Amino acid sequence: MDLASRAFDWIASVAVAADGGLAWREDGVLFDDLYSGTAGVLLGCAEAEAAGLGTSHVADGARGRLLALARQGPGEATLPDDGVFSGWAGVAVALRAWSDTTGDAAAAQAAGQVTQQIAGRVRNTPPDPLRCNDIISGDAGLLLVLIADDADTSVQAAQILAGRLAEAAEPAPGGLHWRMEATTQAIMPGFSHGTAGAAYALAAAGRALHRPDLVDVATRGAEAILAAGNHPGGWAVPLQIPPRPDRPDVMYGWCHGTAGTARLFVLLDEIDPQPRWQHAIDACLGALRDSRLPARLYPGYWDNLARCCGTAGVGQFLLDRYQATGDTALLDWTAVLAADVAARALTTAQGVCWSNTEHTKTPPELAPEPGFMQGAAGIASWLARLHALRTRPASRVARPGPAWL
């Protein structure tokens, strides 16, 4: 918890003044999005607050900035699109998570306002044939944000997105796959840009909208992933179909690997419990164990510590499974991952941060980032949650924010 606290101190130290509050930069560019910017910082604050760590020196500025953006509207603000991790939908996610944690009525109202504006654009804008289908900036992510809001306009827009996302599915061995975009050549089965994320969104929408047909389509996607993951040495999610010779065959993080894809199987097991979904969850956990993370087996292997591609994302999934099952071995496993992350913390006069590694660059150490998906906010909030679960009954530790993160 002390490490997490000092990480939020560092995040505060690199903030910059912006309209309404504070914002954060990556490579000198100000971002307000969920991936790298203000929305992600506020989501990290919500997770940390739920774990008992005060973050007001960061959260007040991030909240103020997002409320100001919500008042401005899309014609005046800096966000480029509606995407969950790139644009307006991420603002709604962060404000809703903050409200859920703190009871902040203004944040809840602003989250609903932003969501309904997105819904209006979905309903009134002809679909772009080059639109994305994925979680990061496309229809799958927007669908998840819309079904979290019960306003009529959001429900109507969700029905539209669910229909066109289901129509975007393509036949694949064993089931269905989704491409990131219609023009994308390769299939990515994982969560951030491909089949697992699209299928998860449809399964969640099927449950929320009372449409079993959407769950059926999502199930076909899960079946294709299971078929694609069969390897002689075990089961793991392939990074890309067909594989690229310059990239690993499989990855293990939230974005392209088992830590993200497993969320699809967890959701399907909640909707329609079957042994095959529990077997799939176990296969994901087995793949993570077999990966030997966080050991760095060769240059470029497991050089990321963050929520998107690295250790913190795997650790967050393990904590989810611990809270779902009570299996203390998962908590112990997460502590091993956290010890490696703690050992790689960079101490500064302002606090602590982390640097991911890119072995093909010189020097390989990347600049530390404050954001949620590749930086300190996502890592620190996961560490705070781990501390809370090791010191309090699991039933008393809230999990703010969406289950798919």
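I take helices and strands as DSSP runs, numbered from the N terminus. I also note that this is a predicted model.

**Entry 1: His-210**

I looked up His-210 to start. I find it in the loop between α8 and α9 (212-228). Its phi is positive, about 60 degrees, although His-210 is not a glycine. I noted this because most residues other than glycine have a negative phi. Is His-210 buried or exposed? I get 70% relative accessibility, so His-210 counts as exposed.

**Entry 2: Trp-302**

I turned to Trp-302, which also has a positive phi, about 55 degrees, and is not a glycine. Trp-302 sits in the loop between α11 (275-290) and α12 (311-325). Its relative accessibility is 8%, so I list Trp-302 as buried. The cut-off I used for buried is under 20%.

**Entry 3: cis peptide bonds**

Next I went through peptide bonds. Most peptide bonds are trans. I logged a cis bond joining Ile-241 and Pro-242, with omega about -5 degrees. Pro-242 is in the loop between β7 (234-235) and α10 (258-271). I logged another cis bond from Thr-362 to Pro-363, with omega near -5 degrees. Where is Pro-363? I place Pro-363 in the loop between β9 (351-353) and α14 (376-391).

**Entry 4: cysteines**

How many disulfides are there? I count 0 disulfides. A disulfide needs the two sulfur atoms within 2.5 Å. Cys-45 is at 0% relative accessibility, so it counts as buried. Cys-353 is buried, with a relative accessible area of 2%.

**Entry 5: α6 against α8**

Last, I looked at a helix pair. The axes of α6 (residues 139-146) and α8 (residues 195-208) come within 9 Å and cross at roughly 25 degrees. That makes α6 roughly parallel to α8, because angles under 35 degrees count as roughly parallel. I note the crossing of α6 and α8 as left-handed. Which residues make the contact? From α6 I list Ala-140, Leu-143 and Leu-144. From α8 I list Gly-197, Ala-198, Tyr-200, Ala-201, Leu-202, Ala-204 and Ala-205.

Technical notes. Residues are numbered from 1 along each chain as its sequence is written. This is a predicted model: local features need pLDDT of at least 70, side-chain atom pairs count only at pLDDT 80 or more; totals for chains, interfaces and linings use all residues. Side-chain values use heavy atoms; hydrogens and water are left out. Buried means under 20% relative accessible area, exposed over 50%, partly exposed in between (1.4 Å probe, protein chains only). Axes are lines fitted to C-alpha atoms, for helices over the stretch in contact, and angles run from 0 to 180 degrees between N-to-C directions. Helices (H or I, at least four residues) and strands (E, at least two) are DSSP runs, numbered from the N terminus. Angles under 35 degrees count as roughly parallel, over 145 as roughly antiparallel, 65 to 115 as roughly perpendicular and the rest as oblique. A crossing is left-handed if the near helix is turned anticlockwise from the far one by less than a right angle, and right-handed if clockwise. Contact means heavy atoms within 4.5 Å.
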